[in-house]
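Take a look at the model below.

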Amino acid sequence: MKVMNEFELKFRAKSENESFARTTVCAFAAQLDPNISEISDIRTAVSEAVTNCIVHAYKNGEGTVVINVKLLDGNMLYIKVRDKGCGIADVQKAMEPMYTTAESDERAGLGFAVMENFMDKLAVTSKPGKGTTVTMRKRIGNGK
Amino acid sequence: MILKQHERGLTVLLDGEIDHHASKTIREEIDTAIYETVPDELVLDFSIVSFMDSSGIGLVLGRYKVMHENGGSIVIEGATQPIVKVMKLSGVDKLARIR
């Protein structure tokens, strides 16, 4: 698919940056003229992906989160969220709704479920000790 | 966040964005109020919350447990459509009354 526009955002995995990350991605995605409901879905999905990096990937220390956003032809939004944290040993298990390894922090274990439900496509690749990459796609306005 | 004690219990008017960063402080303040007032009913009012991700679900489930342990109940009030969407995904609407 042809890339119409793109940007990269790199920031420290600090909880203070969660709001900044989701707001920035939505501001860029606004070029596709999404409606309020679509903006809300994107904002929530990005928030979940970034929070996972902060809560899980870098639970033992600091690190960097990189987000790539592409606007593809056909009004398709592509978002990639990467970390170089601890990785996920069993991605399938981690994606089960209500599964969490951070119960003490009152995590609901719904991060991936939200991403999957609020976006059209979700893919997760991970290597223990190397990091995790989450990619999401959403067609805005039925591809208008 | 505004806490209001009333006849039936305690109402918490939440505001701003509820994410992982904000939820820790919110839950500490609510829990302190619960332990101090021991309410029969905890009302979480989301009417002026501008954003919530699944951290808000953790917040609701955690408060449900605290209230349930003391024989109390929890009510969710004023949640806007995007917030209800996240809540329904979690099934929290089966534990707490939404009005």
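The report starts with conventions, then turns to the helix and the strand residue.

This is a predicted model: local features need pLDDT of at least 70, side-chain atom pairs count only at pLDDT 80 or more, and totals for chains, interfaces and linings use all residues. Residues are numbered from 1 along each chain as its sequence is written, chains are lettered from A and ligands numbered from 1 in the order written, and side-chain values use heavy atoms, without hydrogens and water.

**Helix α1 of chain B**

Helices (H or I, at least four residues) and strands (E, at least two) are DSSP runs, numbered from the N terminus. Helix α1(B) covers residues 20-37.

Buried means under 20% relative accessible area, exposed over 50%, partly exposed in between (1.4 Å probe, protein chains only). Among the buried residues of α1(B) are His20(B), Ile26(B), Ile30(B) and Ile34(B). On the other side, Tyr35(B) and Glu36(B) are exposed. The cover over the buried residues includes α1 (17-29) and α2 (36-57) of chain A.

Just after α1(B), Val38(B) has a positive phi of about 45°.

**Val49(B)**

Val49(B) sits in strand β3 of chain B.

| Item | Value |
|---|---|
| Val49(B), relative accessible area | 5% |
| Val49(B) to Ala79(B), sequence | 30 residues |
| Val49(B) to Ala79(B), C-alpha to C-alpha | 7.9 Å |

Beyond neighbours within four places in sequence, Val49(B) is in contact (heavy atoms within 4.5 Å) with residues including Leu14(B), Ile18(B) and Ile83(B).

Terms used: Expected span 1.5 Å × (residues − 1).
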